[in-house]
Amino acid sequence: MEPKLREIGPRLHFVERSITVKGVPEADLAPIIERGMKMSNRIYIKSHPKGHEIKSPLVEIHVYVSSEDVRSAEDEINRFLTS
């Protein structure tokens with residue numbers, strides 16, 4: 001099925017980066033994540049809480065970007081991560 005879908009769908013490239021945030025609860029990161037997702041319809045952000053929410057918050061954040069070419073996807077993800 002996947003090969004057939006690739007034939008008829010747009011040719012997209014995906015770039016993914018992961019960062020770890022220590023000392024900030026996931027709830028406090030939510031507005032930043034929302035703002036990031038509004039930067040572009042090609043950005044998707046997923047947070048994964050790993051530490052204790054109060055005592056030692058630790059959140060892994062995955063940022064995904066899709067684009068027709070790899071360079072554009074990399075530029076967009078770098079722009080997000082540095083803003």
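Predicted model: local features only at pLDDT ≥ 70, side-chain atom pairs only at ≥ 80, totals over all residues.

Helices (H or I, at least four residues) and strands (E, at least two) are DSSP runs here, numbered from the N terminus. Residues are numbered from 1 along each chain as its sequence is written, and side-chain values use heavy atoms, leaving out hydrogens and water.

Stay zoomed out for the overall dimensions. Along the principal axes, the C-alpha atoms fill a box of roughly 50 × 30 × 15 Å.

Now colour by burial: 27% of the 83 residues are buried (under 20% relative accessible area, with a 1.4 Å probe and protein chains only).

Next, select Leu29, Ile43, Ile45, Ile61 and Val63, the residues with the most contacts inside the largest nonpolar core, which has 13 residues. Such a core is a set of buried Ala, Val, Leu, Ile, Met, Phe, Trp, Tyr and Cys residues joined through side-chain atoms within 4.5 Å. Show strand 1 (13-22), helix 2 (26-38), strand 2 (43-49), strand 3 (58-67) and helix 3 (70-82), each of which gives two or more residues to this core. Strand 3 gives the most, with four residues.

Finally, centre on Val63. Which residues does Val63 touch, not counting those up to four places away in sequence? With contact meaning heavy atoms within 4.5 Å, they are Val15, Glu16, Arg17, Ile43, Tyr44, Ile45, Ile77, Phe80 and Leu81.

Definitions and conventions: Buried < 20%, exposed > 50% of the residue type's maximum accessible area, 1.4 Å probe, protein only.
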